[in-house]
Each structure stands twice: as structure tokens, then as C-alpha cells.
Amino acid sequence: MARVGVFICHCGENIGRTVDCAAVAKAAEAFPGVVKSVDYKYMCSDPGQQMIKDAIRDERLTGVVVGACSPRMHEPTFRRAAFEAGLNPYLLEMANLREHCSWVHEDRPVATEKAIDLMRVMVEKVKKNAELRPIRVPVEPTALVIGGGIAGIQAALDIAGGGKKVILVERSPSLGGHMARLSETFPTLDCSQCILTPRMVEAANHPNITLMTYSEVTKVDGFIGNFEVTVRQKARYVDPEKCTGCGACFEKCPAKKIPSEFDAALGNRTAIYRPFPQAVPNKPVIDAEHCIMLTKGKCGICAKVCPTGAIKYDDKDREVIVKVGAIVVATGFELWDHSAYGEYGAGRLEDVINGFQFERLASASGPTTGEIRRPSDGRIAESVVFIQCCGSRDPKRGVPYCSKICCMYTAKHAILYRHKVHHGRAVVFYMDVRAGGKGYDEFVRRAIETEGAEYIRGRVSRIYRRKDGRLVVKGADTLAGRPVEIVADMVVLADAIVPQPGASRLAQMLGVSYDEYGFYSEAHPKLRPVETAKAGVFLAGACQAPKDIPESVAQASAAAAKVLGLFSQPELEREPIVAKVNEVTCVHCRACIQACPYGAIEDKEIKDSKGNLIRTVACVNEGECQGCGTCVAVCRSGSIDLDGFTDEEVLAEIAALE
Amino acid sequence: MTQTSTKPDAATGADAAAQPWSPRIVAFVCNWCTYAGADLAGTSRLQYAPNVRIIKLPCTGRIDPLFILKAFEQGADAVLVSGCHPGDCHYTAGNYHARRRWGLFRRLMEFTGIDAKRLFFSWVSAAEGQKFADLINAVTDEVRQAGPFDPTNPARKRPWT
Amino acid sequence: MDLAKLRQDAAALLADGRAGLVIGFRERAGACVPAFVTDADQADALVYDDTCIANLAAYLRKPEIRQRRPVALVARPHVMRSLILLKAEHQLQGDDVLVLAVGDDTYHGVLTLAEAERLLNETYADLATDAQVLAEIERLEQMSPEERARFWSEQFAKCTRCYACRAACPMCYCERCIVEKNVPQWISTAAAGHGNYAWNVIRAFHLAGRCIECGACEAACPQGIPLMLLNALLAREARDQFDARPGYDAEAEPVVGSWNKDDDEGFIR
């Protein structure tokens, strides 16, 4: 038999002024199952809580309803009190007599009637409530960071610095990501490699970080605290244990004309190569597609010159399964392909380049050792046109969003160019200058006011090559309202920021949602910008949306803090508001599996004692379920229920309103 | 429930038979947006009609059409369902699931004789205390105009069943 | 229609073991009734004509039938849609069934489920709702809510809760129907009043976006309740609002249980 205690709070005058609390307590006394009903000035005060605790013990209460303020205010308070008195906290409910009643109604009899109704509803619910216990999920305190750019490096370092193990997976042969390719960084113009490479080395040497470069995630199983991730380590053909990084191999490699990915195809590399001199690990890999030995079966020069015998032509891809408790996704971005813009040369004009290519030209370690030479003939560019919003904010042919970092890096490019070619002309075409950020607008102003960049508000309608090889840029100056024509040696397009190719495939593996462009979706745009809807998977950097370096680093540190928070306890404790499947009646139509926003429901095979499959049913993973109850409402046979808001509880509430 | 307490407009203890009819409205709301919006209406001391009884669910995605049927069966004059605006769902997509379900279910209710004027859907965010108060007033007014839910409607419970 | 070929195929399927059972129709007392043929010799009893309305896919959920998989079914386009949808809802594997496909007075031969899916999309892509049903829906929609309530009140009053509608429907495959759930009991099982309303409305709603309008439920109802009005209304809404085409794509997501950002919300305040 239910033994419910009812406690009506006056909240000083807040409730008592419009609700006759004594009358509510008296009416509640008559509800079936109520064995004690009292009112009190301040239920949340110590004596008020003590009153509840005493009643739980003295009256052997099986349920408590506190009629007071919003449960959003004091539900934790009263549930703790119930717990301390030995009652399962989920057997205590609150009726909202203040925010939903006394504060919004003036007529005392009417408000009192409503308060009695609200109490009846919660008394009927609490009679159906079940004892619930926090869900505990063991946590493997190792994190996987996917992506070895600045965001991934930062996240890995922060997690490792917090004393937890990290596996850092990078697809290319070296850490560093796009940041390693940059010449200088805005708005301070400090050298990108100078600030980045020490972090790369730190990550590689950190005792808590296991580095897996030239590796890709191919499969993700499990759930928060307990992921099993398959990582494919691509064949390097160079034994990293034996290799000393001396470089004899790539100096002698005869396959020399392979466009360098790192130099954005402005320079060449060999078939056995390290992407750049500061690469981490500083050990080459063989590009099997271009290696003469691996494609034609003869050559073998690198093996001959290697002093340590590190070359292994028979190396194979390997798959490794790692167990991790949390995953940080930091896969970054790529530049949009501007060949869709026919008027900008459709990608066929050699001297029309993108931002990365300009970075490599401006970089002291780049193919031109930092001189701004145009790709077609290597002449110093005397006049450069920079075009912003190439693909960005163009819903028809590009992407509708603003790529956010282009205004800043274009200003940087203009400044760098003017520093390197003092007599050169730098013209920037822009739609709007969006320079929000610390020191950012000042930086753009500096480009315009002291560095001599000419900013023209307007679009470029056409770029073509003149007979003498120079480019003619035709556009409009919309502020002056007249057409402009500029002769340039080079045009730099600020291509839109887009997700990495394959971003959606990784998202599907991870169970992370992504937007129509392939950027990963955060769990909540305002309050959970670092988490994803998949518990235990966090985001860092430009894989979520276009971001600059400080933003990527900040988000990486935030993701690391989330991971460390998760790892701070050996077990994860969660509120037990989760869905449960009735395996007897489930017919495995999979509607719930498809509807669950969290991918928290999976197939479960029920087998007999000999291991024969009897049937397959849906099964909720308690570690992942967030308790929304969407699955319950799509289940036609009524085979799923949500603890804390069960069908029985809700039906009791509705019935109480008859 | 006693006769008087089913009529929120009634003065406590007054003669039930003498009381004029006043709408009874059951609201199914989500915890994160509309419930919080109702809280904000309270903290802002916005006055609104006392006819609505809120039943809180974690998410509109949890609201089974059976809830709505049951409320009408029990004699509610109207049902209100309210949750987070699209894109704001605490659980990212529960409200989208709910919206689609209602898009179909409300048609079925209308078609089988439950006047569309008795079934209300809304998005009320945690910041929209005023919208909540206005909504409750509007819904109450409209139901008052529509009159009591016909006791002979097939969806309603009869004393003899 | 080449009935001889159908019989011959059915016999061959049974004879060479490609099917453990053929479900079709035979004649009894001047009417079409389901036939369960396990022996090639009996295949000559199979018949087919327009009066063969029963949706034989409904038998596939029965354990004694499932035991004999693969099962070959005489199936008109609507029934093929049922099969595709059963596969989409994981109630069938592709190789559980073979289809003896009939339609438009033509016998299309023995098809795998994948081939039936292709045939449907190529030849029967626009199976329209019965015009009389649509006209009746429109007539009802012209009524006042009170008149409609009265109409359904009379219709539902006839329901004896025999659940023949449920038994006839291939998509009503739940082992424990919601109406039989008693903790808590959402739907009164008394054959009267609000229980009848709730049952008929929820039955229809549980088929929203899933009903392929074969008409078997209405044909099975001994009380003549116009169930297709409810089903066709929801089919129309699911199609108009959410582009639902149940039973044409075995990979399709369920209509109720998926969503689109741009779903109509004109009715939401």
C-alpha cells in the first residue's frame, strides 16, 4: 500500500498569499494513499526538510510530494533530503505551486483549486513511481584524438597533461595539419612553425601520448567510457624503429617530380619523403603509388643507401583495435575547389592560386624560400589581387555560410606581400570585412591604413590572361559605383572553408550528426558546443565549423576538459532516466532504433543455451540513452518505457485530472 | 476529482451546480523549453487563465498520441501540446519527431470528430514567459468559445463503459 | 491472365524445393479463400481473380508458416508493397519469400523480392487510392465536426472488437498489440464507447505512413466499418505532407520515426 506524505510550502508569502496552503494540505489528506499532509512556511529551510525526513521515517512513507516552487529550483534539495532519510530520491516529486500557480493567478479560491489539482496529479504519479538507482558505467581512462592538427595536438597535450593516456591518430605521415603550412599567423604575424613545432615535438615525446601517424580510424564500436576503435596503420615501408631520419633515402630517390601535398602542389617531393623538414615523426614514408620499386619492381636505391636497413618494401597495412573511454574529433577542414568559378579561370589559370598556395609562397621554408614568385614563370609578382568570399556566401555555386577566417588571412596576405615586395600593389576585393576578434579589426585597419593594401568593395566578374602572361582582373567597385580593371601578376582566392573529404563517413562511424555541408554538429549550439549528441565524443577545431587557430585551440582545451572530467571517476554516474525495452513483446521493427537521436538503441540477439538465435530485439544502451523518450512514443506495441516518466506514471497523472 | 474541483473557475466550497462551465485544458509540455517558459511566466508574475493543468514530460518526443486520446477520454475540453522551437530541442530532434507525429495525428482527430479547435500545438521556449501566458489566455478563450466538449463524442468516456 | 502458368510455376517451386509452401487462393463455395499448398500436385487448385482481396502477406508472421520459408505468395501489387514494407521493417529477409506476381490481369511470373520491388517501381508506381474512398473522405471533410463525430460514433458503435481488421493486416505484426497491454491499459477493451474509438483511431494511426491501402482490413470487418476511410486519410496526409510511398523502397526510413527540418508546422503556434 502506498503511504504518501504531502508537504505544502507557503514559500513565505509567495505561495501563501494566493493559495490557501492549509486548505490544500487538508484536501490532499483525503487523496487515496496519503497518510500525512502538512503545510509549512519554508519547506526548503532546515526545519522544513527535517519535517520531511522525520515523516519519511516515522510514517514509513513510500512516496513524497512537495508542493512548493518549481522543481527546477528545489527538486535536487528535496530529493537529497529524501535520500538522507532513506527514501529513494526518485520517490519524491514536486508540484509547482509557485511559478505555475500562486504567481500567475490572483483569485485565491481559484488558485487554491488549481493547487489541489496539481497536488493530486503528483500524488497519483508518485504512487506509480519506481525506485531508480544511478546508472554506473565503467570508464576506460584513455582518450582517442582523431586529427593531428593544432586542435588535435592541443587536446592531446591537455589530456595527457591531466595525467590521462591519449592515442593521437593522424592520417598523414606527420603531425602539424594545416597550421604547419602557414607562413605567419594573424593578427600578431608570428611564425606559424615557430609556435607549432615545439608543440608537435612535445606531443610526440609526451609519455602519456601514443602517436599513430599515417593511420586512419576505420571502425568505431561501443559507447561512452567503452569505445573500441579500429585504426588502420598504413604501410610506411620504412621501419620507424630502425630509421634515424638521416635523409639519405629521399636525397637519392629518383622519383622526384611528385607534386608536394604540403606545398600545395607548388613544389615537388620524392616518392620516399617526409612532408616537411620539421615533420613529427621525422621519418620518411614511401608513397607506394609513385615508388618505382613498388610499382615496377626495380630501383631499390633507398634500400641501398639506407645505413640502418630500415626500408621494408614488403610492409603491409595493419589494423589495431584500441579501447578508449572518450573520443575527440579534430579532423579540421579543407579548402573549397574554386574550379566551379568559370569567371575566375575555372582552376586552369596557373597564377590564380588559393590561400594555402600563397602561404607556401610566403613561407621561408616554402618552394620559393619566401619570395612571392608567380607559379607560371617564377617572376616576382609586382601586383597581386586578393579576392575574398570565393565560394563562401554563395548559396548557388558555393556554400551559403561565411568561412569566417578569410577576411583575416587575406589582410595578413596583403601585409606579408607588402613586406616582401615593397613596391608591389596589393588589391583586395571584399564583400564585407568581418573582423570580429581580439586585435582583429585593428589588424585589418593596419593592412589598409599603414601597409598600403587597397581594399575595393565589390566582386570580380572576370579574370583572364593577357598575351604578355599577366592577368586582367575585371570587377566592380560598388562603393564608387564604377567598374575597375586591374592588371595583376597573381590572384589569390580566399576559397571557402569546407569539411575534410570523408568527414561524413567518419561521422557515420562515430554516430555523430553533421550538417548539410558535412561539418559536425554540436550537442547544443549554445550550451554544449564541445560535445556531440553521441555521448563521449567531443569536437575540437574546424571540423565543426570554420575556425581560426585561437578558437580551435580554445575548443580543443575545452574538449580536453570535458574528457578529463569524464575520466575523473572510474565510473560514470548518470541520472537513471533512461528507456527500457520489454524484450518479450518487442518485435524488432527497429522504429526506435531509427528514431533515437543518440544512436543509443541497438539490436540484441537472444539465443538459446546452445547459441542458436531465437529472436532479435531492440536494446537500450544505458550509457548512451539521454532519456528523451522519443523511442517510447514511436513504439507501437508499447514495448519501451522511460524510467521516471513511465506510461503508468503519465497515465496516472492524466487520470488524476478527470 | 470532485465536481467542484473540475471547474477551475469555481470558488472553493461553493455549490457545484450553480457554477458556470469553465474549460478544462490538459497541457503536455517538455521539461526544457515550455515548462521553463511557464516558470518564467511565474517569476515574471504574468497573470493568465487558470484553466490549464500541465503534465511535464522530458521532451515532446515522449508524447504518445495515446496521451492526447486519454485526456479527451477523461473529459478534457482541449489538449495543448508544447515544446521547444525547431532546432532548440534539448535532445536535438525530439520535437521534430513530435511535429511529424502531430501533423498526422491531428488530421485523424479532426476527421474522427474532435474539432481542431480543441487541439493546440505550440513552441514556447524557456525565454518566452510572455508567449506562454498569452498562449494560455488565447487557448482558454478559444475553448470557451467552442464550448464544452460534447459528452456524446465517441472519444469521451461514458459513465456506463 | 495465364493461370495455367501460375499453377505450373507454383508446382515447380514446390517440386524442386525452391519454396516450402505456396500461399494463394482457391475456390470454395463460389468464393476465393486462401490456399496453402505444400504439394506440387495440389497446385492445380490455385485460382486468381479480382475478388481475391485478402492480403496473404499477413500469414507470414505465423510461426507455422515461417517454418516453411522460403514461402511463395500469390501477390498483387499492393501485396508486393506489403512485402517490401515488411522487409523495410525487418520482419522479412529478402530470401524469405518469392512472389507469384499478378497485376492488371497479367501474371508476371516468379519474382524475388528485389525483382518485385523493381516491377512495382516500373509498372505499378502510382497505385491510387480508390476513388470512392477518396470521395467519401471528402464528403466527410465537408461535414461539421459534430456531424463527423456522429458519423464515427455510429460506425464505431458497431465494432465488436473481434480484431479481424488486425488479423487481416500484414503490418499488424506486433506479438502483443497495444490494445492488449494492460499495465497500464491505454485502450479500454470493452466493445463500446471510448474504447472502440481509441482502438479504431490508434489502429489507424499505427498504420500512418505504413498502410499500402490493400483494403484487406475493411474487407475482413464483419460489421462493415469503413476502415479504409481512416487508412486512406492518413495515407493521403503522409503522402502530401511527407512524401510517403510505403512499400516502394525496402531501404526507406519509417515515416513516423523520421523527420525533415522542413516538415510543415503551419499548425503550430
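1. How far apart do the C-alpha centres of domain 1 of chain C and domain 2 of chain C lie? The separation is 27 Å. This is a predicted model, so every value below is computed from predicted coordinates. Domain 1 of chain C covers residues 3-123, and domain 2 covers 131-242.

2. The two domains of chain C touch. Domain 1 of chain C brings 13 residues to the contact, and domain 2 of chain C brings 15. About 1200 Å² is buried between them. Carbon and sulfur atoms give 60% of that area.

3. Which residues of domain 1 of chain C lose the most area to domain 2 of chain C? They are C:R61, C:L85 and C:E89. Together these three make up 38% of what the domain 1 side buries.

4. The rule finds 1 salt bridge across the interface of domain 1 and domain 2 of chain C. C:E89 also pairs with C:R210: their side chains meet in a salt bridge, at 2.7 Å from N to O. C:E89 therefore deserves a look on two counts: it is among the residues of domain 1 that lose the most area to domain 2, and its side chain meets that of C:R210 within the 4 Å salt-bridge cut-off.

5. Next, chain C against chain A. Each chain gives 18 residues to this contact. The pair buries about 1800 Å², with 56% of it on carbon and sulfur atoms.

6. On the chain C side, C:H90, C:R176 and C:W186 stand out. They supply 29% of the area that chain C buries against chain A, more than any other three residues.

7. How many salt bridges does the rule find across the interface of chain C and chain A? There are 3. A salt bridge also joins A:R615 to C:E175, with the closest N and O atoms 3.4 Å apart.

8. Now the second largest pocket. It holds about 1200 Å³ of space. Its lining counts 41 residues. Those nearest the centre are A:S513, A:Y514, A:S521, B:T92 and C:W259. Chains A, B and C are each represented in that list.

9. Which elements give two or more residues to this lining? From chain A they are β11 (215-223), α14 (503-510) and α16 (591-595). From chain B, α3 (94-111) joins them. By domain, at least three lining residues come from each of domain 2 (142-234 + 317-332 + 500-567) and domain 5 (577-642) of chain A.

Definitions and conventions: Residues are numbered from 1 along each chain as its sequence is written. Chains are lettered from A and ligands numbered from 1 in the order in which they are written. This is a predicted model: local features need pLDDT of at least 70, side-chain atom pairs count only at pLDDT 80 or more; totals for chains, interfaces and linings use all residues. Side-chain values use heavy atoms; hydrogens and water are left out. On a 1 Å grid over the protein atoms alone, a cavity is a set of points where a 1.4 Å probe fits but cannot get out, and a pocket is an open set with protein on both sides within 12 Å along at least five of seven lines; lining residues have an atom within 4 Å of a point. Grid points are joined across faces, edges and corners, and a volume is the space filled by probe spheres set on the points. Helices (H or I, at least four residues) and strands (E, at least two) are DSSP runs, numbered from the N terminus. Domain bounds come from an automatic or database domain assignment. Contact means heavy atoms within 4.5 Å. Buried area is the accessible area (1.4 Å probe) that two parts lose on being put together, summed over both.
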